[in-house]
Amino acid sequence: MRRPFLLIPLLAALSPLNISAHEHEHEHEHSLAAHVHGIATLDIALEGQVLELQLHSPAMNIVGFEYQPRSAADKKKVRAAERLLTNEQTLMSLTPAAGCALTSVTLDNDLTEQQHSDHDHDHDQKHDAAEQQAHNDIAVHYVFHCATPQQLKHIDLANFFSAFPATEKINVQLITEQAQQGAVLTPSSTALNW
Ligand SMILES: [Zn+2]
């Protein structure tokens with residue numbers, strides 16, 4: 001049985017509060033190069049009333065493939081996933097008392113960006129070959145305004161795991177003015193409390 005939360009020391013450079021923590025000079029665990037299917041990352045930062053969440057996921061976890069969508073079925077899958085990802089209420093639950101309301105959401109999908117840049121080069125064989133070997137990510141940046149941010153103590157991603165069952169774990173890093181912690185959330189341990 002896996003421990004529900006694994007505390008991960010944050011890179012000292014991330015926070016002036018941790019500058020003296022020389023004994024924990026670990027590499028930043030969120031390296032974007034570390035794209036492993038099944039694993040996503042979520043960075044959460046609360047500053048004043050502004051709550052920002054940055055999700056990075058292999059496209060594989062979200063749509064089940066990482067090639068450029070060509071068939072109608074693939075394109076439909078991508079559109080459906082994008083709709084889900086930009087509807088934060090279906091994916092995550094925050095402490096209701098904090099009164100957090102979404103103010104913006106930005107989706108950055110490698111799959112559809114390639115599609116656009118590829119538009120005039122349908123017979124670019126070299127590009128196609130490279131593309132087949134490439135890993136592609138989907139990133140979503142959520143910004144919330146919280147009426148009572150000091151009440152924000154909890155996030156639950158149960159619905160995210162239900163919507164995207166290929167996601168085996170989400171490495172979460174949280175930074176608030178009072179708390180810094182890391183956690184590994186899984187389908188059987190979907191919530192982070194701080
Ligand atoms: Zn991949």
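Tutor: Since the model is predicted, local features need pLDDT of at least 70 and side-chain atom pairs count only at pLDDT 80 or more, while totals for chains, interfaces and linings use all residues. Residues are numbered from 1 along each chain as its sequence is written, and side-chain values use heavy atoms, with hydrogens and water left out.

Student: What makes Cys-100 and Cys-146 a disulfide?

Tutor: The term asks for a pair of cysteine sulfur atoms within 2.5 Å. Here the sulfur atoms are 2.1 Å apart, so the pair qualifies. A search of the whole structure finds one disulfide. With 105 degrees about the S-S bond, the link of Cys-100 and Cys-146 is right-handed. Cys-100 sits in strand S4 (residues 100-109) and Cys-146 in strand S5 (residues 137-146), 46 residues apart; strands are DSSP runs of E with at least two residues, helices are runs of H or I with at least four, and both are numbered from the N terminus.

Student: Why is Cys-146 called buried?

Tutor: Buried means under 20% relative accessible area, exposed means over 50%, and partly exposed lies in between (1.4 Å probe, protein chains only). Cys-146 has 0%, so the label is buried.

Student: Why do Glu-66 and His-135 tie together separate parts of the sequence?

Tutor: Glu-66 lies in the loop between helix H1 (59-63) and helix H2 (72-85), and His-135 in the loop between helix H5 (125-133) and S5, so the pair joins parts 69 residues apart in sequence. At 6%, Glu-66 is buried.

Student: Why is the pair of Phe-65 and Tyr-67 called stacked?

Tutor: Rings of Phe, Tyr and Trp (its six-membered ring) pair if their centres lie within 6.5 Å; planes under 30 degrees apart are stacked, over 60 edge-to-face, and the rest tilted. Phe-65 and Tyr-67 have 4.4 Å centre to centre and 15 degrees between the planes, so the pair is stacked.

Student: What makes Phe-160 and Phe-161 edge-to-face?

Tutor: Their centres are 6.4 Å apart with 90 degrees between the planes, so this pair is edge-to-face. Both residues are buried.
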